[in-house]
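The points may be read in any order.

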Amino acid sequence: MAEWKTEVDGETIVRSCCWSPPGCHPVGCGVRLHVRDGKLVKIEGDPEHYVTKGALCPRGLAGLEYIYHPDRIIYPMKRAKEDRGKDKWERCTWEEALDLIETNAKAVIAEHGAESILVFGGTGREANYYYSLIAHVVFGSPNSVYAQSGWSCYGPRCTSTGFMMGGGYPEIDYAQKFADRYDHPDYKAPEYIILWGKEPLKSNPDGFWGHSIIEMKRRFGTKICSVDPRITWLGTRCDDVIQVRPGTDTALAMAMLNVITGEDLVDHDFIDKWCAGYEELKERVKEMPPSKAAEICGVDEEQIIRVARAYATARPGSIGWGLAVDQNPNGVQLGQCLIAMMGITGCLDVPGGTILGVVDPAQVQMDASQGIALRYGIMDEAMWNKRIGTDTFPAMTSFIPTAAPDAVLDALETGIPYFPHMGFFSSSNVIGAAITAAPQRWYEALKKMDFNVVTDTFMNPTAMALCDVFLPVASYAEHNAMVLTHYGFNASFFGAVNKAVQVGECKSDVEIMLEVGKRMHPEFWGQYEDDTAYNEANGLNGKLTWNELAQAVTIPTEEPYRKYELGLLRADREPGFASPSHKLELASSLYAYFGDDPLPYYKEPPYGPISTPDLFEDYPLVLTTGARTYVSFHSEHRQIPSLRQVVPDPLLDIHPTTAANLGIGEGDWVWIESPFGKCKQRAHVTATIKPDVVHAMHGWWFPEEDGEEPNLYGNWKSNINVTMPHKVNGKMGFGDCFKNNICKVYKVEE
Ligand SMILES: Nc1nc2c(c(=O)[nH]1)N[C@H]1C(S)=C(S)[C@@H](COP(=O)(O)OP(=O)(O)OC[C@H]3O[C@@H](n4cnc5c(=O)[nH]c(N)nc54)[C@H](O)[C@@H]3O)O[C@H]1N2
Ligand SMILES: Nc1nc2c(c(=O)[nH]1)N[C@H]1C(S)=C(S)[C@@H](COP(=O)(O)OP(=O)(O)OC[C@H]3O[C@@H](n4cnc5c(=O)[nH]c(N)nc54)[C@H](O)[C@@H]3O)O[C@H]1N2
Ligand code: SF4
Ligand SMILES: [Mo]
């Protein structure tokens, strides 16, 4: 193995793991960073990374363009509150910027209480480790905010898992935990994989390295089914593509369970020893025969039966469940069905099945930011109980330590339970075309805040419209950090992000947290001299020193299978699952406790041909959005030339027959209008989408346009989220319409 840092012909080569910024989920692809005279001159894949073996995605390859982009903000800036929306930013020193934050935060706390500070975080990035810490332990506020309506990303899947069994996020086994990968003696590849509302080649989500699907197919002949209203590139290589009507997935999954239980394609040993509620589940899914689901979902009955049998008889089968599970108000029931499919077929945490993560009691500690704040007296119980949404969203807020997103918008608009006064935006372009439903409402509401801070790499609509201080964030090549896939909740490896260069005066998210923390609460933050001291104490939990990790670059976790037998899923280290009964609860006592049905049921999406037939006459197409592309991460990368060239404009996928009926041709600009708002994108006419469905891209703004208000870099032009309703969540508070809205589409005439 090469040294982590070598000198070759006047160049320093640093081996590292790629993460954020720019955005990505914690995949930690291996990179070799070539440095000459203090500047990066080349970024290439690291062939010695035990998972990615030299491969990088287009965004990884465009790293130099991003890091040295002329528009990147590399010094702190400030602006007077009355100049919000105007390009009147002034460069300032870190001291000035931090003074402003300290003074304003202390004034807001004195006048309105710490709860009136909101700390916003987005997804995937390293900053995700810290935004709750910044709220709870830096400012003493209970309100960290992930602003997607219904917390509709990852949270629902993790909550279904947490309530039914624990063990982090169940992931496809691609031998990611073993240094010798597919050659490991205990490993067996999945024979059959269902990719359910997930396109991992593009998304590489949450530490799942999507290319492994191709590797397993090539090497072991793994068969694949894609459940997706679109036929993706991977779909064309699949054995089955179930083109489900968006948002009806729970009916489909219940029908598969109907086949699997009805034909007794189950593992009775596993069920007898480890499951509770099998007979009730079997009874419940009798309500959903394949013929009924076929009609609801608009798919072929025979296909449902074929795929259910293929999955259940594979030794083993595995399921990759994606974002479409979360972005569905019926999604926690879908998650429940998928976990049941993993369990009752005996495919849970076995080689080649869907694997779980060792629950590390110390890891639980690290994430319990509210616990630290309470122990150090930075928040008291009364303050913690002021978290917005705990009364209206008890299931969500019992499991996730943030405020409830929909309740935060309500609070901003109505002052109930109180008006927030300060925002700290850490890795979320809140009014941009990504995270929020109804961003036009968030924009109006957030304008009223007394003081707003943003930490980012580029100017964007949120910063331009709303913020008073801009803190420049260091890219992954400019700081030391660690990568834990699935944020440590089912980690494949410990990975090192090794600093190679300094750009301007940028600081990492940890450094920013430490600096602000030392000013607000030195009694806690004073103990950490710098970012590596912080990471060593918290992320690595004393198991490794920072230098050991930096040298190794990756350290696979080498976790064993069948953790429920070994006591590795429970903090008390007894065998079983981390549910109230210590079984895999197919009928969930916690679902029932939070007022939902303990068993899965099907509910139509809130808007659609069945739920709102009258409205559907005016808005006769089902709208799904946001399928990932190779060349952007949400609202990021629009200013990177080599990436923008691949997808220069926002695209609406529309079927040729539908397009012809509407007089729409390839490349036409079209309005996409829902009952809640409209925006325009360019038609891409393609037979890969179901005829009665259209797909719109998310995350579009135009960094090349005028940034000042009212244009805000064209923020409202192609922003698909202006068509999204707010607060359409299911009984436990989860889910939205990002992938199951309705719309009409017509040509832009001007
Ligand atoms: N390049 C890139 N990678 C990313 C991101 C990014 O922006 N860019 N974002 C990251 C984030 S935050 C996330 S959460 C992950 C998400 O990554 P994935 O889980 O892969 O999710 P998507 O790409 O949104 O959608 C996956 C597929 O679901 C299909 N789909 C749409 N509606 C439905 C439906 O109702 N039912 C079913 N069964 N399928 C449906 C879409 O057509 C799409 O092909 O990606 C992460 N990775
Ligand atoms: N219509 C529709 N909308 C969607 C989706 C969809 O499928 N359809 N997907 C949704 C999903 S699943 C998610 S998770 C959200 C994501 O939404 P967000 O995570 O809020 O994504 P962005 O809007 O890109 O905002 C992220 C900002 O963080 C900055 N940034 C990048 N890396 C770092 C870092 O390391 N530190 C800091 N401080 N800043 C950084 C970026 O430059 C960018 O301005 O979008 C959601 N929006
Ligand atoms: S998938 Fe993520 S970590 Fe891997 S190269 Fe692309 S941006 Fe970097
Ligand atoms: Mo996400």
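The points below concern a ligand site, a helix pair and the backbone.

1. Basis. The model is predicted: local features need pLDDT of at least 70, side-chain atom pairs count only at pLDDT 80 or more, and totals for chains, interfaces and linings use all residues. Residues are numbered from 1 along each chain as its sequence is written, chains are lettered from A and ligands numbered from 1 in the order in which they are written, and side-chain values use heavy atoms, with hydrogens and water left out.

2. Ligand 3. Around this ligand (a heavy atom within 4 Å) are Cys 18, Cys 24, Cys 29, Leu 56, Cys 57, Arg 59, Gly 60 and Asn 204. By class, this shell has 5 nonpolar, 2 polar and 1 charged residues, where Ala, Val, Leu, Ile, Met, Phe, Trp, Tyr, Cys and Pro count as nonpolar, Asp, Glu, Lys and Arg as charged, and the others, Gly among them, as polar.

3. Helix pair. Helices here are DSSP runs (H or I, at least four residues) and strands likewise (E, at least two), numbered from the N terminus. The axes of α8 (residues 249–262) and α12 (residues 301–313) come within 9 Å and cross at roughly 65 degrees; axes are lines fitted to C-alpha atoms over the stretch in contact, with angles from 0 to 180 degrees between N-to-C directions. In contact (heavy atoms within 4.5 Å), α8 residues including Leu 252 and Met 256 meet α12 residues including Ile 304 and Tyr 311. The contact comprises 11 nonpolar, no polar and 1 charged residues.

4. Backbone. Ser 20 and Pro 21 are joined by a cis peptide bond, with omega about -15 degrees; Pro 21 lies in the loop between β2 (11–17) and β3 (30–36). Ile 416 to Pro 417 is also cis, with omega near 5 degrees.
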